[in-house]
Amino acid sequence: MPSYTPTQKSAIQQFTGFTHTKESVAAKQLKSHSWNIEQAVDAYFQSNNPSKDASSSTSALSRLFDSYRDNPKDEPDTIGVEGSMRYLQDLGLSLDEPVVLAILTELAAPTMGELTRSGFVDGWKRLRAATLSDQKSTLPNLRTSLSSSSSSPQGLFRQTYKHTFRLALAPGQRSLPLDTALEYWRLLLSPPALKWNTKTTPWLDYWIEYLTTKWKKGVSKDMWEQTAVFAGKSLEDETMGWWSEDGAWPGCLDEFVGFVREKRGDGGAEEPGMEM
């Protein structure tokens, strides 16, 4: 049995979950696509999906999409807020479930309350789920993938996390209000999604405490995305042996390192000044 890194094992698990293939098939497909999960899954389905079946699934998905449209006459290729809510309810989901964000990511939703025809059809075709029943059956695999390591940029967690910033932005905004960001961090960085917690450090609790007592500002896209990178590294090594004050981290994360070290009583460098 070949030896794989934790990131590669996670990729194999996600691939087999989506495609229901053997691990050996998953590993071969992933290797040929440089361990990019999305590309490997797309290539697998393209090579194993006859054009007739693809055409049939496109028609079925388009009809399903039509059944949830709010304003078919004026917006024939859009499902609005009411239709999106109805669709998620029919999937048996509520908005406080992290897997909802994963689905919206897979379907390339432009905002929290909107689905487009192209995103809906292409997303579910990629997951080979042309009916509501099939789509429900993907939820367990999506939930499992969402809770796996954040170290792979192509992994479902990282893709969902990145897309959530776009979903959460209000029209005209370039950064998230802190309260909004905290709400989504609680959703994405705790079970049943990724558990940002290690043996000696309750990272998410410390992060929230730091932000609410020290930061108190909005959250930029860079700060949002780098927090996921930081979380992944801290889960791999909670001693923060990978951290350097000369690194290209946002100032808030530099200061958070000092905050954590003080909370844990393990010393460390002086806290750098806060900057963005």
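Thr 78 counts as buried because its relative accessibility is 17%, where buried means under 20% relative accessible area, exposed over 50% and partly exposed in between (1.4 Å probe, protein chains only). The model is predicted, so local features need pLDDT of at least 70 and side-chain atom pairs pLDDT 80 or more, while totals for chains, interfaces and linings use all residues. Residues are numbered from 1 along each chain as its sequence is written, and side-chain values use heavy atoms, without hydrogens and water.

Thr 78 lies in strand 1 (residues 78-79); strands (E, at least two residues) and helices (H or I, at least four) are DSSP runs numbered from the N terminus. Apart from neighbours within four places in sequence, Thr 78 is in contact (heavy atoms within 4.5 Å) with Phe 65, Arg 69, Asp 70, Glu 114 and Leu 115.

Turn now to helix 11. Its buried residues are Trp 203, Leu 204, Tyr 206, Trp 207, Ile 208, Tyr 210, Leu 211 and Trp 215, and they pack against helix 10 (178-188), helix 12 (221-236) and helix 13.

The axes of helix 11 (residues 203-215) and helix 13 (residues 251-264) come within 10 Å and cross at roughly 115°. Axes here are lines fitted to C-alpha atoms, for helices over the stretch in contact, with angles from 0 to 180 degrees between N-to-C directions. From helix 11, residues including Trp 203, Tyr 206 and Trp 207 meet residues of helix 13, among them Cys 252, Leu 253 and Phe 256. Just after helix 11, Lys 216 takes a positive phi of about 60°.
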